Amino acid sequence: MATKSLKARQKALSHSETQLEILNGGLFQAGELPYFKDKISEIGQYPLKSRKLEILQINVGYMCNQVCEHCHVDAGPDRKEIMTKETMQQCLDVIKTTGAHTLDLTGGAPEMNPNFRWFVEEAAKIGIEDFIVRSNLTIIRANKKYRDLPEFFKKHNVHVVSSMPHYTRGKTDKQRGNGVFDKSILALQDLNAVGYGLENSPLRLDLVYNPSGAFLPGDQAALEADFKKALKEDFGISFHNLFSITNLPISRFLDYLIASENYEDYMYALVEAYNPAAVENVMCTNTLSVGWDGWLYDCDFNQMLGMKVKSKAKHIKDYNEAQLNNREIVISQHCYGCTAGAGSSCQGTVT
Ligand code: SF4
Ligand code: SF4
């Protein structure tokens, strides 16, 4: 398994233009599969439009202590893109005025941003309804300075959402690296110890599952039941909900698909599983994604593909909710990942 990002390895796929060439060419250009635009035109959903903003997702940097095989961010210890305090302040100014009910901090490992704690403290004061931090769990056990994160999250009533691709060591370590499973288990126990994830506890702890190979996720409710049973029986761990997420064919997952010669089959599978009912609820319709440098995107995936919002307001410093609502969403063939089966978003299935 690679220990460096695609960018550090100077791979062509670290460039968003190369990824978009693949997504727009090949099977789609040859007419073997329909473009996403044509597919959603069939149900009168093109151009796809955003509605009222509900979720503001902020990516505070691409640095991470892990180098997971399927990472759509191409994150890793070698990534130096980190949100500055100035951009964080611009985000806080927006959070104060926005009507969004959810603030969602992501990365990389957001905790590795040196101003992460200051940002959480300031954002928590604003009193947004649901304040999510996407924590990869192992960061809690990576270094002494992170060991108090469960207490810190609790103090600021943060909703913790954590990736846990499987309840077995083998599948988790294959996707996320050797030793990740054991550290994740310890971190989940740390979170449970301060009250996270316990039945009836207001301290929310949700897990995110994504498939460990070139296949679509199974039924979310069934997976949640399996995870709950196994983690409870084997390790005494409790959590609230499991979000099942489809791997989108971008960045390191795209690299994996191509290297394992699964790219074409996977695109066929996504298109075959296209569910028109999922289109109206794809997450870009109520979410805005802020990049580490303040640029605005329709979602975290578009951010990684360098596809900025189609709006006069393109940067957090120029934020204007009226201009951003009802904007045309920028799409490409990776969007099939959001409409396959029960649909997929950062909050799990959408139908
Ligand atoms: S998937 Fe998450 S934990 Fe893994 S490298 Fe990417 S950002 Fe880090
Ligand atoms: S990938 Fe992004 S833009 Fe495309 S459908 Fe999904 S959320 Fe919307």
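Ligand 1 sits in the largest cavity of this predicted model. The residues that surround ligand 1 are Cys64, Gln66, Cys68, Cys71, Ala75, Gly108, Asn136, Arg176 and Arg252. By class, this shell holds four nonpolar, three polar and two charged residues.

A second ligand has its own space. Ligand 2 takes up the second largest cavity. Around ligand 2 are Leu248, Val282, Met283, Cys284, Cys299, Phe301, Asn302, Ile329, Val330, His334, Cys335 and Cys338. The shell of ligand 2 contains 10 nonpolar and two polar residues, with no charged residues.

The two shells are set side by side below.

Attention now turns to helix H9. This helix covers residues 180-193, a run of 14 residues. From its first C-alpha to its last, H9 reaches 20 Å, close to the 20 Å expected at 1.5 Å a residue. The buried residues in H9 are Val180, Phe181, Ser184, Ile185, Ala187, Leu188, Asp190, Leu191 and Asn192. Several elements receive these buried residues: they pack against the helices H6 (138-142), H7 (149-155), H8 (169-176) and H10 (220-235), and against the strands E4 (159-163) and E5 (205-209). Just after H9 comes Gly195, which takes a positive phi of about 110°.

Two loop residues complete the account. Ser212 is placed in the loop between E5 and H10, two of the elements against which the buried residues of H9 pack. Ser212 counts as buried because its relative accessibility is 16%, and buried means under 20%. Leaving out residues up to four places away in sequence, Ser212 touches His70, Lys171, Lys174, Gln175 and Tyr256.

Glu32 belongs to another loop, the one between helix H2 (26-29) and helix H3 (36-41). With a relative accessible area of 47%, Glu32 is partly exposed. Apart from its neighbours within four places in sequence, Glu32 is in contact with Leu27 and Tyr268. Glu32 and Tyr268 are 236 residues apart along the chain, and 9.3 Å separates their C-alpha atoms.

Note on methods: Residues are numbered from 1 along each chain as its sequence is written. Chains are lettered from A and ligands numbered from 1 in the order in which they are written. This is a predicted model: local features need pLDDT of at least 70, side-chain atom pairs count only at pLDDT 80 or more; totals for chains, interfaces and linings use all residues. Side-chain values use heavy atoms; hydrogens and water are left out. Helices (H or I, at least four residues) and strands (E, at least two) are DSSP runs, numbered from the N terminus. The expected span of a helix is 1.5 Å times one less than its number of residues. Buried means under 20% relative accessible area, exposed over 50%, partly exposed in between (1.4 Å probe, protein chains only). Contact means heavy atoms within 4.5 Å. A residue is near a molecule or strand if one of its heavy atoms lies within 4 Å of it. On a 1 Å grid over the protein atoms alone, a cavity is a set of points where a 1.4 Å probe fits but cannot get out, and a pocket is an open set with protein on both sides within 12 Å along at least five of seven lines; lining residues have an atom within 4 Å of a point. A molecule sits in a cavity or pocket if more than half of its atoms lie within 2 Å of its grid points. Ala, Val, Leu, Ile, Met, Phe, Trp, Tyr, Cys and Pro count as nonpolar, Asp, Glu, Lys and Arg as charged, and the others, Gly among them, as polar.
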